[in-house]
Amino acid sequence: MSFLKTDLSKSAGTFCVLVGVTGSVAALKLPLLVSQLLQLPGVDVKVVTTEHAQHFYNSEEVSVKTYRDKDEWELWTQRSDPVLHIELRRWADLFLIAPLDANTLGKISNGICDNLLTCVVRAWDTSRPLIFCPAMNTAMWQHPVTAQQVSRLTEFGYVEIPCISKKLVCGDEGKGAMAEVSTIVSVVKQHLPKPDESPEDISH
Ligand SMILES: CC(C)(CO)[C@@H](O)C(=O)NCCC(=O)N/C=C\S
């Protein structure tokens with residue numbers, strides 16, 4: 001499976017952004033988000049998706065390598081094989097989870113790691129930025145457990161891009177919509193190394 005290995009090579013001076021996508025309908029924005037991130041100077045993008053997220057976007061519209069749970073098991077078949085979620089944590093200078101659905105929020109806030117995406121989070125080096133964009137139905141957002149879990153993530157040092165109020169796809173009106181792609185891209189831009197820095201140098 002050497003092709004997966006070479007896929008995760010890092011070229012000097014490139015800032016590697018791993019986009020995690022989970023099962024909110026806001027995942028339909030993934031192709032737009034990826035194309036906007038690729039316009040940032042020196043940025044390379046890869047995607048890690050949950051199984052549920054794939055219902056919401058067309059993978060043919062995503063122009064970068066996308067890793068799924070099955071890739072973990074295809075890559076590791078014997079002791080000497082690389083472990084994909086560890087290769088991904090090494091590769092990424094920044095981890096952006098957009099959208100972060102209610103289910104994955106619950107898993108991450110409790111250390112559950114039952115798929116490729118949550119295993120990358122569980123192994124994440126918190127000296128590198130992890131940015132998350134919650135997205136869920138308003139009723140889910142308003143459940144008291146949501147605020148508890150979001151604050152746990154910020155206590156871990158992760159950066160929240162808060163959800164916004166919109167008329168949601170189910171017809172409800174209120175908080176729960178993912179932040180606009182332009183907002184997300186501008187926050188990522190703030191975390192890029194300054195021209196005279198390399199990713200290793202930036203202190204978080
Ligand atoms: C999909 C999009 C981006 C369209 O503007 C917006 O509605 C949104 O972020 N929804 C996410 C909230 C959600 O998952 N609702 C699920 C049930 S209502």
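**Helix H9.** I looked up helix H9 (residues 181–190) in this predicted model and found its buried residues (buried: under 20% relative accessible area, exposed: over 50%, with a 1.4 Å probe and protein chains only) to be Val-181, Ile-184, Val-185, Val-187 and Val-188. Seen down the axis of H9, these buried residues fall within an arc of 160 degrees, taken from the directions from the helix axis to the C-beta atoms, so they line one face of the helix. I noted that the face turned away from the buried side carries the exposed residues Ser-182, Lys-189 and Gln-190. The buried residues of H9 pack against strand S1 (15–21), helix H2 (30–37), strand S4 (94–100) and strand S5 (130–134), where contact means heavy atoms within 4.5 Å.

**The sheet.** I then followed the six strands, which form an open, parallel sheet in the order S3-S2-S1-S4-S5-S6; strands pair if DSSP finds at least two bridges between them, and strands themselves are DSSP E runs of at least two residues, helices H or I runs of at least four, numbered from the N terminus. Strand S3 (66–67) and strand S6 (159–160) are the edges, each pairing on one side only. Between S1 and strand S2 (residues 43–49) I found seven parallel bridges, and the partner of Val-17 in S2 is Val-45.

**Record notes.** Residue numbers start from 1 along each chain as its sequence is written. For this predicted model, local features need pLDDT of at least 70 and side-chain atom pairs count only at pLDDT 80 or more, while totals for chains, interfaces and linings use all residues, and side-chain values use heavy atoms, without hydrogens and water.
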